[in-house]
Amino acid sequence: MITIAERLDAAYDRIAQAAKKCGRDHQGIKLIAVSKKKPLEDILAAFEHGHRDFAESYVQEGVEKVQQLSAHTNIVWHFIGPIQSNKTKQIAEHFSWVQSIDREKIAKRLNEQRPTNLKPLQVLIQVNIDNEENKSGCTVEELPMLAQFIDQCRQLELRGLMAIPAKSDSFDAQAQSFAQLRACFDKLKAQYPQLDTLSMGMSSDVDAAIAAGSTMVRIGTAIFGERQQ
Ligand SMILES: *Cc1c(COP(=O)(O)O)cnc(C)c1O
């Protein structure tokens, strides 16, 4: 049996290798462990191995885990799933990062509902980079307006962009989607120099993402194993 600690080490190694291959410093790439549909024991195994950043995709499940692990105050929780407007309050109250903002209504609610005794929510705009019908994310065209809106929200700190490209086994196809997101990021950063986070890369496409300039990778399966449907 391979343990979670060993898989986590393998994920760190893979990031370091991918970074080295393209002459980047691996310290500029943050690993987020995606723990959706996985039990608390698995999160704790990674935590005890020194990992601190975890991501959840479903509000109820995520909030329960945040509450159950509230004694571990140094865990940084990221919300990465689709957001319905009736769930924004729970997200605003329990997470540090939200990577999946894709419309103004959601940004507005998160801003209003973020408790003022907490540090602003660290947020990424999710872009539907391959224009897929059933995928969350704003279009490339909508991006400037949404960024402008978020930039003037006191309780939101815009950090960058996130995308989940169309599924493909081809490195070149993956690289093409990531290059598009990278171009959007560079363009936006010219206007908002504080942007520092380009969240792209998952278990199956992390190498292409790092080659394209990713600063944050979100890995679930390669650390925790296959999820139950
Ligand atoms: C589930 C999920 C991941 C992790 O995917 P794996 O293929 O299991 O590594 C990353 N990002 C988002 C937004 C997800 O929903």
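How far is the sulfur of Cys22 from the closest cysteine sulfur? The answer comes from a predicted model, and it is 20 Å. That closest sulfur belongs to Cys184, and the gap is too far for a bond. A disulfide is a covalent bond between the sulfur atoms of two cysteines. Its two sulfurs must lie within 2.5 Å here.

Now turn to Cys184. Its nearest cysteine sulfur is that of Cys138, 8.4 Å away. Cys184 is in no disulfide either. With a relative accessible area of 11%, Cys184 is buried. A search of the whole structure gives the overall count: zero disulfides.

Next comes the ligand. The space it takes is the largest pocket. Which residues surround the ligand? They are Val34, Lys36, Ser57, Ile80, Ile164, Met202, Ser203, Arg218, Ile219, Gly220, Thr221 and Arg227. By type, this shell divides into five nonpolar, four polar and three charged residues.

Start with Lys36: a polar atom of its side chain lies 2.7 Å from an oxygen atom of the ligand. Arg227 also uses its side chain, with a polar atom 2.8 Å from a ligand oxygen. Gly220 uses its backbone instead. There, an N or O atom lies 2.9 Å from an oxygen atom of the ligand.

How much of the ligand does the protein bury? Taken alone, the ligand exposes 390 Å². The protein buries 89% of that area.

Notes
Residues numbered from 1 in each chain as written. Predicted model: local features only at pLDDT ≥ 70, side-chain atom pairs only at ≥ 80, totals over all residues. Heavy atoms only, no water. Near = heavy atom within 4 Å. Polar contact = N/O pair within 3.5 Å; in protein donor to acceptor, adjacent residues only side chain to side chain. Areas by Shrake-Rupley, 256 points an atom, 1.4 Å probe, with all protein chains shown as cover. 1 Å grid on protein atoms, 1.4 Å probe; cavity = no way out; pocket = protein on both sides within 12 Å on 5 of 7 lines; lining within 4 Å. Sits in = over half its atoms within 2 Å of the grid points. Nonpolar A, V, L, I, M, F, W, Y, C, P; charged D, E, K, R; others polar. Buried < 20%, exposed > 50% of the residue type's maximum accessible area, 1.4 Å probe, protein only.
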